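Hi,

Here is the structure I promised to pass on. Have a look at it first, then read my notes below.

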Amino acid sequence: MIKVNISAVSGQKVSAMLPRALEAHNALRNKTGRGGDFLGWVDLPAKADEAELARIKAAALKIKTDSQVLLVCGIGGSYLGARAVIEALRGSFYNIKKKDTPDIFFVGNNLSSGYMAEILSLVEHKDFSINVISKSGTTTEPAVAFRILKNLIEHRYGKEGAKKRVYATTDISKGALRQMAGAEGYETFVIPDDVGGRYSVLTPVGLLPIAAAGIDIDALLAGAREGMELCAEPGEGNPAWRYAIARNVLLSEGKRTEIMASYNPSFVFLAEWYKQLYGESEGKEGKGIFPAAVNFTADLHSMGQYIQEGARDIFETVLLVSRPDANIKVPEDADDLDGLNFLAGKPLADIEREAFRGTYLAHSDGHVPNLVIEIDKADERNLGALLYFYEYACGISGYLLGVNPFDQPGVESYKKNMFALLGKPGYEEQGKALAARLDF
Ligand code: PA5
């Protein structure tokens with residue numbers, strides 16, 4: 001189901017790291033490592049709450065019935081997983097496709113007034129609902145966006161009508177969003193206490209928007225369960241171990257940046273999700289592998305040059321789908337002015353495969369080690385397994401690196417400065433001191 005090729009890495013070095021991988025594996029399973037309070041995701045696919053799933057499906061059905069647009073308001077782990085899965089499975093053109101499910105737009109993931117103005121104009125003549133998602137319930141970007149959207153939806157449908165169109169996904173008891181949902185009477189979904197934002201795609205955080213997009217969440221969770229079983233087996237055959245070990249061996253050889261490469265344009269947000277998962281989990285205490293991403297073959301004509309010949313501190317991990325999405329062949333042309341008749345009758349997928357194989361060799365020859373993660377098909381089951389695999393490998397990799405992969409203390413610094421500069425009560429002196437250091 002998931003194959004991980006690490007032939008680019010020394011077998012001896014992989015073997016030498018196996019005992020440490022076992023320690024990391026046991027720490028994840030027994031919750032004895034750093035961040036052990038945030039390991040609820042490890043067995044999450046096995047303990048799906050049927051009643052909660054039924055409520056998610058019912059909410060998705062209601063949204064489909066009464067809304068042309070669903071606005072999903074969240075940031076980071078409360079945003080990227082849903083977008084990654086929807087685009088990977090429903091395609092990058094989901095919103096402009098003919099379909100019987102609502103358009104889905106993501107808001108609250110930036111502070112851009114232009115972006116917000118576009119969103120407001122997109123729902124001007126359309127019925128819409130909102131899924132506001134925030135574990136802490138206090139994150140600035142979605143909170144500010146939701147204040148604007150709440151105002152809009154209440155003007156459009158009245159307070160009573162609005163409350164039937166707002167779905168809040170948040171902590172079971174804490175935070176401003178939980179309080180607001182209680183006061184306003186919104187339907188709520190719970191983010192488990194022991195699941196951090198970037199590990200929450202398989203909770204209602206991801207599942208409600210994913211279900212609203214018409215994706216089979218039972219199949220997604222069944223795939224995640226298969227991924228969970230695969231990753232539970234200790235040993236060199238465990239795909240998550242292989243990936244985590246290979247990354248850390250490469251890091252020990254000075255490869256400080258990992259570039260996730262995929263050949264599927266609808267995987268761009270899967271790569272964004274991976275960047276958050278690994279960047280936020282590993283980048284701390286002066287350590288980490290910088291997670292970057294490219295989409296081939298487009299980026300072979302931009303980043304390809306750097307990968308081939310730039311600074312040699314990078315490695316590449318290709319995410320490959322073996323079965324083609326569609327059977328499109330190159331047609332014969334009588335004049336052959338472009339000289340491409342040698343490809344006539346060839347499936348586009350075969351040309352893409354050779355692009356991958358040629359690039360693999362070219363980049364390897366350019367001293368960029370290539371790891372390959374391969375799934376059979378881009379469907380619910382494989383994607384569910386893949387999401388779990390990436391999460392588990394991230395836990396193992398973070399422990400191998402010697403960090404706590406489940407906290408994100410560094411995210412607070414910009415927030416404190418922003419609040420101080422905005423004049424939040426209690427931050428006045430700090431705000432003045434910060435402003436004095438800036439000349440713009
Ligand atoms: O992984 C994380 O914990 C973060 O990226 C959060 O998901 C992000 O900051 C959003 O937080 P919240 O869901 O509390 O609004």
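Before the numbers, one term: buried area is the accessible area (1.4 Å probe) that two parts lose on being put together, summed over both. Also, this is a predicted model, where local features need pLDDT of at least 70, side-chain atom pairs count only at pLDDT 80 or more, and totals for chains, interfaces and linings use all residues. Residues are numbered from 1 along each chain as its sequence is written, and side-chain values use heavy atoms, with hydrogens and water left out.

So, what's in there? The chain is assigned domain 1 (2–33 + 220–401) and domain 2 (44–215); such bounds come from an automatic or database domain assignment. Their centres, taken over C-alpha atoms, are 29 Å apart. In the contact (heavy atoms within 4.5 Å), domain 1 puts in 26 residues and domain 2 puts in 24. About 2,200 Å² is buried between domain 1 and domain 2, and carbon and sulfur atoms give 71% of that.

There is one salt bridge between the two domains, meaning a side-chain nitrogen of Lys or Arg within 4 Å of a carboxyl oxygen of Asp or Glu. While you're browsing, look up R198 and E280 too: their side chains meet in a salt bridge at 3.1 Å, N to O.

On the side of domain 1 that touches domain 2, α8 (217–232), α10 (268–282) and α13 (380–401) each supply at least two residues. Helices here are DSSP runs (H or I, at least four residues), numbered from the N terminus. The largest share of that side, eight residues, comes from α10.

Cheers
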